[in-house]
Amino acid sequence: MKSLRSYAILYLIFLYAPIALLPIFAFNDATIIAFPLSGFTTQWFTELPQIPALIDSVKNSLYIAVITSILSTLLGICAARAAAKYSFRFKRPIMGFIMVPLVLPEIIVAVSLLVILLQLGLSLGAWTVIMGHVLICTPFCIAILNSAFQNLDSAMEEAAIDLGETPWSTFRLVTLPLVSPAIISALLISFTISLDEFIIAFFLTGTEPTLPVYLWSQLRFPARIPVVMALGTILVAGSILLLILAEMMRRRGLRRAGLQDKGGFL
Amino acid sequence: MTALIDLKNVNKYYDDYHALRDVNLEIAQGEFFSLLGPSGCGKTTLLRTIAGFEAPSDGSLHIAGANMNGVPANARPTNMVFQSYAIFPHLSVAENVGFGLRKSQLSKSDKIKSVEEALDMVGLNGFGGRAAHALSGGQRQRVALARALILKPKVLLLDEPLSALDKKLREQMQSELRRLQRQVGITFILVTHDQEEALIMSDRVAVMFDGAIAQLADPQTLYKRPRTRKVGDFIGVMNFLPAHVTDPNKITLDVAGLGTVTIAPEQAPSGTSSGAAEIGIRPEMMSILFEGEPDRGEIAEATIQDRAYYGDMTYYDVHLKNVPEPVTISMKNIIGRPVLEVGETTRVSWDARSLVLFAS
């Protein structure tokens, strides 16, 4: 029991100590990332908005992440719904192949997409990154939404139809509200995946880099590293905020459905 | 009088599985009708076919004279109470009950009024504002009833609505459902696997096995005169004794353990032929012959093999001569009647009018 606890503590230190370094050096008054700390400053944070290329990359990333999360969640809703409600030929292999990008090496996906896009003569940009991101985010969305659609009592939809609703109004009035917590989870997860995805973005981004690609390019300039640390701090804070939001939505969904909380990811 | 619901030669296949076999059924307006059978007998499939959730593979279904072929569930004059109740958890009780009124032309105040009336009818007045997921099992069932009845359907379909309730609540809901049905005058079709429930509540019962209706009768006929051994065995408890028909015209037979008896034509299937057969007799139709009590006409020797004391009743398993299986006899525990011990020999008595003959 005791060794298990110390193992858990060591594990958590290993996991979070590097991330804890981010805010420490973001507020450190020196361009060299090393101990001992020299003094407190907010200089790196005030410098952030003065780098137009960085602001552009943030805007570009947000644009890509928002559209990616919406598209992949929409595709996920269609696939999860079809998998839960209908039985069709080759359903299992079809669902299996849809889920494969979950484990496919991203570098392979990125290179093959690049080859195809160039062959088709398309120019690289935000939309080509979105295409790649939708490809890898959709399986995550399906995995999240699938359990919600599977858990939905089919009698709920039948009851609505029995009471005079059309299949579409039933979907809108009964199905969607009941799976909405999963939809929000899928949106948040795909948003975060897209936001910090590097490999596909690196290959398909063209002349407008996303934030991770921009950060990577800045690592060659040591003077920029504290600014990168400051940005990282903001991103970590944002991620924690998003996670809390997602967990709150999950609990609210459970309460609304009158279910027992069996513990989610958090 | 024409039937409200009329099924003719309805068959349903799922790939190779024959779920409904040549179902012919007429259900009258205002009837409380039950579909009774073990799980997998097709009773729920039949109910869902009437509701419009399943399409028959062949055969026809008419409701109130209109052919329902190709009519979707949302356009049929039927409403359903689901086994899981299917109460919408994201809506309030009033929103659940009023769900079916969404498309009606009623004014808002009329809608509120009819929701209140429906809640009142099922004894839930004042519950309208509650969240649906905070209700108990019995309350959910009432909400499901009110929600299905608010559209005043021609037929209310109930899919094992009481199976999730505990015994006390179930008995209470049985009589309440019956009262409700008389009050609204709507035809109720109940699916159940509980034979007692079917007997208590129904005007008529269709017993189903393997997708086909084995017997369609009122509860008393069903209990007294089951048409097959399987029906007799499924409804209540029945003892089966090997028999041999010696005279098919007068219907005289030799019954193992009971001797030679003659029965009336209505106790036997039509066209009885001589040879091996089987008779059935209910436990309460035989009695242990105690000192000073009148016999029921026929008497045989017996040994007590087993005994179960239920308080109001005692069930004896007795051995009759030449009968391989023990025979169950139930006796009321009235004052002055002893409870016999295992191994005691006694005499049993019965009435030949309570026998039912099955062709084997």
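Strand β18 of chain B, residues 327-332, is mostly covered, with five of its six residues buried. The model is predicted. β18(B) pairs with strand β17 of chain B, residues 313-320. The two strands run antiparallel and are joined by six bridges. Within this pairing, B:I329 of β18(B) stands opposite B:Y316. β17(B) and β18(B) form a hairpin with six residues between the strands. In that hairpin, B:N322 takes a positive phi near 70 degrees.

Strand β3 of chain B, residues 32-36, is also mostly covered. Five of its five residues are buried. Their side-to-side arrangement splits into two sets. B:F32, B:S34 and B:L36 point one way from β3(B). B:F33 and B:L35 point the other way. Both sets are buried.

β3(B) has two strand partners described here, β8(B) and β9(B). Strand β8, residues 187-192 of chain B, pairs with β3(B) in the parallel sense. Five bridges make up this pairing. B:F32 stands opposite B:F188 in β8(B). Strand β9, residues 204-209 of chain B, also runs parallel to β3(B). Here four bridges join the strands. B:L35 has B:A206 of β9(B) as its bridge partner.

A loop residue of chain B was examined next. B:Q267 lies between β13 (259-262) and β14 (275-281) of chain B, in the loop that links them. B:Q267 has a relative accessible area of 5%, and therefore counts as buried, the cut-off being under 20%. Neighbours within four places in sequence were set aside when listing its contacts. The remaining contacts of B:Q267 include B:R225. They also include the run B:A352, B:R353, B:S354, B:L355, B:V356 and B:L357.

In chain A, the packing of two helices was considered. Helix α7 of chain A spans residues 154-162, and helix α8 of chain A spans residues 167-196. Their axes come within 9 Å and cross at roughly 140 degrees. Because of this angle, α7(A) is oblique to α8(A). The crossing is right-handed. On the α7(A) side, the contact involves A:M156, A:E157, A:A160 and A:I161. On the α8(A) side, these meet A:P167, A:T170, A:V174, A:T175 and A:L178. The residues of this contact divide into six nonpolar, two polar and one charged.

Note on methods:
Residues numbered from 1 in each chain as written. Chains lettered and ligands numbered in written order. Predicted model: local features only at pLDDT ≥ 70, side-chain atom pairs only at ≥ 80, totals over all residues. Heavy atoms only, no water. Buried < 20%, exposed > 50% of the residue type's maximum accessible area, 1.4 Å probe, protein only. Pairing = 2+ DSSP bridges. Axes fitted to C-alpha atoms, helices over the stretch in contact; angles between N-to-C directions. Parallel < 35°, antiparallel > 145°, perpendicular 65-115°, else oblique. Left-handed = near helix turned anticlockwise from the far one by under 90°. Contact = heavy atoms within 4.5 Å. Nonpolar A, V, L, I, M, F, W, Y, C, P; charged D, E, K, R; others polar.
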